[in-house]
Amino acid sequence: MKKYNFSAGPACLPDPVLEAASLSARQFSITGMSILEVSHRSKEVVDLFKEASDRFRSLLDIPKNYHILWLQGGASTQFSMVPLNILPDNGIADFIETGSWSTKAIDECNKLGCAKIIGSSKEKGFTFIPKTVIQNEDSEYLHITSNNTIYGTQYKKFPEAKNKNNIIVADMSSDILSRPFEISKFGIIYAGAQKNIGPAGVTVVIVKDDLLNLNLRDMPTMMNYQVHVEKESMFNTPPVFSVFVVNETLKWLEKIGGLEMMNKINKSKAEKLYNEIESNPLFISPVMNEDRSLMNVPFVFSDEYEIKDSDFLEFCAKRGLMTLKGHRSVGGFRASIYNAMPESGVDMLIEAMRDFKKNI
Ligand SMILES: *Cc1c(COP(=O)(O)O)cnc(C)c1O
């Protein structure tokens, strides 16, 4: 039986990508060796990194004055790396607090400067995105989380930056490559790969060139964007296998028709699922309508029913619908329907929701 993995991350990958990944573990390119053992100094791997960057740039239409970096340490390392590189000692950065990931970014920023929370939906359980916020003119940048993986909210329209240099920094870990958007609004964008673009182990960072070399402080070499730009993401041993898998995912995205097409498919999948949540009396969505994420869809049993969550989870597992348990801070269920989740998986989930309702 085919299993559909609704996990929030590490998340499902397209079948052809998994196929290519498994073949490469035996033999990579013309090297005759496994991708797991080839040197990052070999021509094949250098070419692979260039190819992945070129595809990524072209899919997202990234202007020439932005660099693409393939780093390690996850999105969590970027919580510190961003302020280390662009926030002066005692400098101010504005934050919109939309979930646990943004809270973590705020905590790290406060170790180096001053994070000002200019909007927060914490009091309301992070069920919406605060939109009327007043930015500080003397702040260095505005930090947002484009999609909140745990709470299932997503920016439909990005704010305009109104700070010193008009810079927005975005954590796009769970929705990058799900839709087209204008890069030039941003100073830095970062994303751990394991949600929407590949396996854990690589984090993509897009950084505008005028944010490099600010020389704000002495910092560990590995934390310095400039070093990674100069060394083309190969200052130390890079995660070659992870980048290989990302490159395969990018090829798959190109075949689908790029980000316009991907966005259309994502909208169609999410709309179906939200319609079912709305029309099925058993379930409700805790998230405010206009901010509902196309990527992570949390839902809970309506109060009228006294059913254990585990009953529905077991019901789904028998049909091959896996990892639907909600995050511990929300409860209930969460269907992560990233790019790689086929429409058939969403259809099967909807059918399971209907059949489960019939049986009670
Ligand atoms: C998963 C996630 C993170 C953390 O990513 P790591 O790569 O595990 O450090 C940060 N931000 C968002 C929005 C996420 O979904």
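Trainee: What makes α7 and α9 roughly parallel?
Mentor: Keep in mind that this is a predicted model. The axes of helix α7, residues 258–279, and helix α9, residues 343–358, cross at roughly 0°. Angles under 35 degrees count as roughly parallel, so α7 is called roughly parallel to α9. The two axes also come within 10 Å.

Trainee: Which residues make that contact?
Mentor: From α7 they are Ile 265, Ser 268, Lys 269, Lys 272, Leu 273, Glu 276 and Ile 277. On the α9 side you find Glu 343, Val 346, Asp 347, Leu 349, Ile 350, Met 353 and Arg 354. Sorted by type, the contact of α7 with α9 has seven nonpolar, one polar and six charged residues.

Trainee: How do you know whether the overall size agrees with a compact globule?
Mentor: Set the value against the rule. A compact globule with 360 residues would have a radius of gyration near 21 Å, and the protein has 21 Å, so the two agree. Along its principal axes, the C-alpha trace spans about 65 × 55 × 30 Å. The protein has nine helices and 14 strands, and buried residues make up 57% of its 360 residues. Among contacts with a separation of 6 or more, 68% are between residues 24 or more positions apart.

Trainee: Which residues have the most contacts inside the largest nonpolar core?
Mentor: They are Phe 56, Leu 60, Trp 70, Ile 176 and Leu 177, in a core of 53 residues. Helix α6, residues 240–256, gives the most to this core, with eight residues. Apart from it lies another core, of 30 residues, including Phe 6, Phe 283, Leu 324 and Phe 356.

Trainee: What does Ile 176 touch, beyond residues up to four places away in sequence?
Mentor: Ile 176 touches Phe 56, Leu 60, Ile 189, Ala 191, Asn 196, Ile 197 and Ile 206.

Trainee: What makes Val 287 count as buried?
Mentor: Use the cut-off of under 20% again. Val 287 has 5% relative accessibility, so it counts as buried. Val 287 is in the loop between β11 (283–284) and β12 (296–301). Residues up to four places away aside, Val 287 touches Thr 127, Tyr 151, Gly 152, Thr 153, Arg 292 and Pro 298.

Trainee: What is there to notice in the backbone angles?
Mentor: Most residues other than glycine have a negative phi, and most peptide bonds are trans. Asp 61 has a phi near 55°, a positive value in a residue other than glycine. Phe 126 likewise has a positive phi, near 55°. A cis peptide bond joins Gly 9 and Pro 10, with omega about -5°. Pro 10 is in the loop between β1 (4–5) and α1 (15–26).

Trainee: Where are Asp 61 and Phe 126?
Mentor: Asp 61 lies in the loop between α2 (43–60) and β2 (66–71), and Phe 126 in the loop between β4 (114–120) and β5 (142–145).

Trainee: How do you know whether Asp 61 and Phe 126 are buried or exposed?
Mentor: Compare each value with its cut-off. At 62% relative accessibility, Asp 61 is over 50% and so counts as exposed. Phe 126 has 7%, which is under 20%, so it is buried.

Definitions and conventions
Residues numbered from 1 in each chain as written. Predicted model: local features only at pLDDT ≥ 70, side-chain atom pairs only at ≥ 80, totals over all residues. Heavy atoms only, no water. Axes fitted to C-alpha atoms, helices over the stretch in contact; angles between N-to-C directions. Helix = DSSP H or I, 4+ residues; strand = E, 2+ residues; numbered from the N terminus. Parallel < 35°, antiparallel > 145°, perpendicular 65-115°, else oblique. Contact = heavy atoms within 4.5 Å. Nonpolar A, V, L, I, M, F, W, Y, C, P; charged D, E, K, R; others polar. Core = buried A, V, L, I, M, F, W, Y, C linked by side-chain atoms within 4.5 Å. Buried < 20%, exposed > 50% of the residue type's maximum accessible area, 1.4 Å probe, protein only. Rg over C-alpha atoms; globule rule 2.2 N^0.38 Å.
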